[in-house]
Amino acid sequence: MDNYEQTEEDKILKSVGLELMFLTPEKCNSDDGITAVELAKLVNIPVDKVKKKLNILKEKDIVKVKGSNPKYWKFNEYNFQRMDEDDETFRLLCSFDDVDFDKYFSY
């Protein structure tokens, strides 16, 4: 994988992670979280890519999944705060230089 692809993949992971991190109840159809399809629409990324990134975040134990069909995804703030600060995913989700916060807080 060349640097461009890696950077593009990182952007997708960051986009999915930040959307979950700042997800408000108003954006969800369920108290259990958001489905991959709903999340894909919010971030404007194909569902299959969103699902791959959700699984990466799940492996890192910073998102919880509930149900099976559909699966509902929710950010796990408690586990995120306990991640190793040197973890690549943690650093990616904490680099806010290029983040437009209005996107997460405006309705």
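Hi everyone. Before we start, please keep in mind that this is a predicted model.

Let's begin in the middle. The largest nonpolar core has 29 residues. Those with the most contacts inside it are V16, L20, L39, V50, L54, L57 and F80. Which parts of the chain supply at least two residues each to this core? They include α1, spanning 3-21, then α2 and α3, strand β2 at 72-75, and α5 at 88-94. Helix α1 gives the most, with six residues.

Let's pick V50 from that list. Setting aside residues up to four places away in sequence, V50 touches V16, A36, L39, A40, V43 and I45.

That brings us to a helix pair. Two packed helices are described by the angle between their axes and the distance between the axes. Here, α2 covers residues 36-43 and α3 covers residues 47-59. They pack at an angle of about 110 degrees, and their axes are 9 Å apart. Angles of 65 to 115 degrees count as roughly perpendicular, and α2 and α3 are therefore roughly perpendicular to each other. On the α2 side, the residues that meet α3 are A36, V37, L39, A40 and V43. On the α3 side, we find V47, V50, K51 and L54. By class, this contact has eight nonpolar residues, one charged residue and no polar ones.

Now for the charged pairs. How many salt bridges are there? The count comes to four, and I'll show you some of them.

One joins K14 and D98, with the closest N and O atoms 2.8 Å apart. K14 sits in helix α1 and D98 in the loop between α5 and α6, so this pair ties together parts that are 84 residues apart in sequence. Are the two partners buried or exposed? K14 is buried, with a relative accessible area of 9%, whereas D98 is exposed, at 61%.

Another salt bridge is between the side chains of E19 and K27, at 3.2 Å from N to O. Here both E19 and K27 are buried. E19 lies in helix α1, and its relative accessibility is 3%. Buried means under 20%, so E19 counts as buried. Leaving out neighbours within four places in sequence, E19 is in contact with K27, L39, L42, V43, K103 and Y104.

A further pair is D32 with K66, whose side chains meet at 3.2 Å, N to O. It links distant parts of the chain, because D32 is in the loop between α1 and α2 while K66 is in strand β1, 34 residues apart. D32 counts as partly exposed at 29% relative accessibility, and K66 is partly exposed too, at 48%.

Last stop: the backbone. Where is the cis peptide bond? Look at the bond from N69 to P70, where omega is near 5 degrees. P70 has its place in the loop between β1 and β2.

Two residues other than glycine have a positive phi here. For N44, phi is near 60 degrees. N44 is in the loop between α2 and α3 and counts as exposed, at 69% relative accessibility. For D61, phi is near 65 degrees. D61 is in the loop between α3 and β1 and counts as partly exposed, at 43%.

Conventions. Residues are numbered from 1 along each chain as its sequence is written. This is a predicted model: local features need pLDDT of at least 70, side-chain atom pairs count only at pLDDT 80 or more; totals for chains, interfaces and linings use all residues. Side-chain values use heavy atoms; hydrogens and water are left out. Axes are lines fitted to C-alpha atoms, for helices over the stretch in contact, and angles run from 0 to 180 degrees between N-to-C directions. Helices (H or I, at least four residues) and strands (E, at least two) are DSSP runs, numbered from the N terminus. Angles under 35 degrees count as roughly parallel, over 145 as roughly antiparallel, 65 to 115 as roughly perpendicular and the rest as oblique. Contact means heavy atoms within 4.5 Å. Ala, Val, Leu, Ile, Met, Phe, Trp, Tyr, Cys and Pro count as nonpolar, Asp, Glu, Lys and Arg as charged, and the others, Gly among them, as polar. A nonpolar core is a set of buried Ala, Val, Leu, Ile, Met, Phe, Trp, Tyr and Cys residues joined through side-chain atoms within 4.5 Å. Buried means under 20% relative accessible area, exposed over 50%, partly exposed in between (1.4 Å probe, protein chains only).
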